[in-house]
Structures are given as structure tokens and as C-alpha cells.
Amino acid sequence: MLRPLIIGTILLVLCAGIPAVSALGGDEGWYRVHCNVDGADVYFDGQYKGTTYGGALDVPVYTTGSPYNTFRVEKSGYQSYTGSLASDPAAGETVDVYATLQPVETAGSIHVTSSPSGSAVYLNGNYRGTAPLTIQNLVPGTYSLEADHTGYQSDYATVTVRAGQQSNVQFTLTPIEQYGSIKVTSSPSGAYVYMDGTYKGKTPLTLTSVSAKKHNIELDLSGYYDWMSSVTVSPGVTSYVNAHLTSVPSETTGAIDVVSYPAGADVFLDDKYQGKTPTAGVYAISNVAVGSHTVRVALSGYLDYTTSVVVSGATTSHVTATLQPGQQPTSTGSISVTSSPSGAEVYIDNAYKGITPLNLDGVAAGTHAVRVALAGYGDWSTTVQVGAGSTASASASLSPVPTQAPHAGVAPFAVIGALGVLGLLVALHRRD
């Protein structure tokens, strides 16, 4: 009796489950998954549903079952594709969904920039272009990069390239140090020279191996104002600095500032040359003794400008010379000196001037003493009157100096006799 009861119970349970299975299956619909790659695996909500073939895969679903939300399509060597299943198919209906797989990138790239830009870029020693530059389609691995630019030191880098990624490299190049020279002079000389605040020596001074850029120059000299300026040095070039120092005024000296129109004129103080007036600014005459002085300004093609200046202690007097066009009147002449014989020395106002025959120009108008001398001959002298723009002549006829004959010898007995006579005269004188 127990066995039939057990069998009946089992059949009852099986029969009770038949309607439930029939209800779960219900009517079928289909999702048709389209893919651009065959052999791709399809998953619905993470459940494997099959592999695409012929560009698609039909996945049946029951309309009475729980709906699917997402699908995923993947294949080795491609990036996975994930999409949503928003619209469930009705019984007998097919819903199309699409998946496009993209190959996994197997190459990378390097983007190169440089400062300054325009640097030549070499990859593993091979030229690839100028920065900024992107080098593409590189097999993953390690590469060496070099950046070159004229006037700068080359720079190097090692970079690792990964599949599907871009590596970025920034080169900052260092300028190559270039040099020139600076020649520093001063008036007066002997001034201490400082370049960019560092002592370098005394003027006149040439500074070598000076970096090619702008530098500050300072000159110091006791009794004079400090002098400062800047100079730009170019590679392989010597720059010149000439400083005219201005003395610190004292109670016994002053200064004279001279300006001329036009500039570039010669300046004379009491007929002593001082320098030229600059294009801009003044020409300063320092350490001028207190008192009255004559300043003359001269320029070719213009009449001389002459004025008297009274200099006071520790003060600066000013002279402005407006030059008038014209030809300066001639105030000098010439002297022509000849001699017989020639080759004699010529002295004008006791100053040696040369050997005869001699034409001497630039002699101040007036009376001058001329002396001609030659060894073995007597000196010859005269005076000449030199007129402005004219030539005075002097012709010397030199006379030989006579030679004296040697004196004959005196016999010894004559000397003894003379001494005797001298003694007798002395004796007679004493008797008187």
C-alpha cells in the first residue's frame, strides 16, 4: 500500500508542474544581433547567447519571461561593445540591435614640443621634422628623442610608447654661451673699471670672453665723478667704451661746457687743442684754472669762433658757438731755405726743422730767425719776414772753418836762456 501512495504523489507533483513550464515559455520573439565581425560572442545581461555568424545572431526570448536589459558583444583583438535592450519583441517579432566592434589599437604616438619652437626632432637618430610635432603609428616600446636648434645645446629624452596612447615630450633648450670683447678707455686714464658690479682693472683695459648680452660699465677715479653706461656685446665682436670723466670742482678750478652748431668742431682752450664737440650734449673742459681764458671753436668750411671766458672756482661756464660759413683768413706762410753746400741743418727761431733744401709750411706770419749749420762750416744766420699766404726765402752760402797750422817746437836751450833773463830782471827789480 505504501509504494502506490509514493508513486501517486510523484505523478501529482509532476502534473502540477506542467502548466507552469508551459506558462514560462509562452510565445517566442527574437533579438537579431547584427555585428560587423563574425565569431563575436554575444551576452544578454552577462549570459552567453551564442556567436555571430554571417553578420548576425538570432537570440530567442519568451514574451512571458523576464525581459533583458543589456547586451554585450566581444571578440579578442577588438574593443567590447555594450548596448541596451529597450524594446522587448512581441510574439513572433524580431527586434534588430547593432554592435560595431573597433579593433584594439596596437600603435601609439609621441607629441613633441620645444622651447624655443622650431627645434629639429630626431627619433632614434632619424630626422622626423620640427617641433611642435606628432609622430604617429609607433610600435609600443622605448624610443630615444633628440632636439636640436641653432644657438642652443642639444637636448635628449627617452620615452615609452604604449598601444593606443600618446606620449608627450617637452624640450627646453639651453642657449649656447657666446662671447665678445669690450675695450674701455677713459680721459684721463687710470680709472677703475667695474663690469656688472665686479672690478676688472684700470683703463685702458680690454675685457675678453665677455658673454654676448647687455652689460653695465662703471668707471671710478679719485677727483672725478663716477661714470656709468651700458654696452651690448655681440658674439665675436669688440665693443668700445670711451669715457670722458668730469672732475669734481675745486675752489681753484672750474669747468667750461662748449656747444657748437654744427657739431663736430675742434675746441681750443688758450690755443691748446681739447677735443671735438659731440653731436648731442656738451664738450666739457674740466680742471680749468680760475681766471680769464680764450676759447676758440674751429670747423672746416666755417669761420673760427673765438671768445673770452672767465672761470670761477667750483663753477661751470658755458660757451655756445654758432659757426658762420666761410673760409678762414690765412694767417700763415712758408719759408724756403737753401744752402751751398746742401745738407745743412735748419733752425727756425732756434727750433730744428730739417735739412736743406727745405720748404717749411704753416709758419706764423711775422719775423723769424733762420740759422743754417753744417759740420766744418761756420753757422749762417738771418731773419726773414713771413707774410700771410706768401713764401719767404733764405739762401745760405756757407764758409769753411779755416784749419790752424801746428806750432813748431822750441829748442831746450832757448827755454833755459829765457828763464835766465827772467831771473836777472827780477834781481834788478829787487835792488831798486
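Modeller: Tyr68 counts as buried, at 18% relative accessibility. Buried means under 20% relative accessible area, exposed over 50%, partly exposed in between (1.4 Å probe, protein chains only). This is a predicted model: local features need pLDDT of at least 70, side-chain atom pairs count only at pLDDT 80 or more, and totals for chains, interfaces and linings use all residues. Residues are numbered from 1 along each chain as its sequence is written, and side-chain values use heavy atoms, with hydrogens and water left out.

Biologist: Which geometry do Phe44 and Tyr68 form as an aromatic pair: stacked, tilted or edge-to-face?

Modeller: A pair of aromatic rings is described by the distance of the centres and the angle of the planes. Rings of Phe, Tyr and Trp (its six-membered ring) pair if their centres lie within 6.5 Å; planes under 30 degrees apart count as stacked, over 60 as edge-to-face and the rest as tilted. Phe44 and Tyr68 are edge-to-face, 5.3 Å centre to centre, with 65° between the planes. Phe44 is buried too, at 0% relative accessible area.

Biologist: What does Leu85 touch?

Modeller: Contact means heavy atoms within 4.5 Å. Leu85 touches Tyr31, Phe44, Tyr68, Asn69, Thr70, Phe71 and Val97, not counting residues up to four places away in sequence.

Biologist: Where does a charge lie over the face of Tyr43?

Modeller: The rule needs NZ of Lys or CZ of Arg within 6 Å of the ring centre and within 35 degrees of the ring normal. Arg72 lies over Tyr43, at 4.4 Å from the ring centre. Arg371 lies over the face of Tyr347, at 4.3 Å.
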